[in-house]
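Subject: Structure for your review

Dear colleague,

Please find below the structure I am handing over to you. My notes on what was found in it follow directly after.

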Amino acid sequence: MAISISCVLLLAILAIIFLRNGALKFSHALICVLLGFSLAGTSMAPTIHEGLAATAQIVSSLRP
């Protein structure tokens, strides 16, 4: 568990650095994908999923 949390934090820091740099290359996108897969394996996954589902529902209910 401690290793997965460390891995998630490291990948999150790398993703933030890459986004601030402004040059998102293929290797940077790969780091972001790995961050997503790492987050999916943590206890935060249900919370993130519910938040995204609620956001999608709100956006789909908007009428232009």
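Confidence in this predicted model is highest in helix α3 (residues 45–61), at a mean pLDDT of 84, and lowest in α1, at 75. Here pLDDT is the predictor's confidence in each residue, from 0 to 100, while helices (H or I, at least four residues) and strands (E, at least two) are DSSP runs numbered from the N terminus. Over the protein the average pLDDT is 78, and 89% of the residues score at least 70. Where pLDDT is low, the predicted coordinates should not be read in detail.

Two remarks on conventions apply. Residues are numbered from 1 along each chain as its sequence is written, and side-chain values use heavy atoms, with hydrogens and water left out. As this is a predicted model, local features need pLDDT of at least 70 and side-chain atom pairs count only at pLDDT 80 or more, whereas totals for chains, interfaces and linings use all residues.

The protein has 3 helices and 0 strands, in the order α-α-α along the sequence. Of its 64 residues, 14% count as buried; buried means under 20% relative accessible area, exposed over 50%, and partly exposed in between (1.4 Å probe, protein chains only).

The largest nonpolar core consists of 6 residues: V8, L11, A15, F18, I31 and L35. Such a core is a set of buried Ala, Val, Leu, Ile, Met, Phe, Trp, Tyr and Cys residues joined through side-chain atoms within 4.5 Å. Both α1 (2–21) and α2 (26–40) supply at least two residues of this core, and the largest share, 4 residues, comes from α1. Beyond its neighbours within four places in sequence, V8 is in contact (heavy atoms within 4.5 Å) with L35, S38, L39 and T42.

A12 also belongs to helix α1. A12 counts as partly exposed because its relative accessibility is 23%. The C-alpha atoms of A12 and C32 are 7.9 Å apart, although 20 residues separate the two along the chain.

F26, L30 and L34 form a nonpolar surface patch with about 330 Å² of accessible area together. Patches take residues with over 30% relative accessible area and no salt bridge, with nonpolar side chains (Val, Leu, Ile, Met, Phe, Trp, Tyr) joined within 5 Å and like charges within 9 Å; a salt bridge is a side-chain nitrogen of Lys or Arg within 4 Å of a carboxyl oxygen of Asp or Glu. L34 lies in helix α2 and, at 40% relative accessibility, counts as partly exposed.

Yours sincerely

Technical notes: Areas by Shrake-Rupley, 256 points an atom, 1.4 Å probe, with all protein chains shown as cover.
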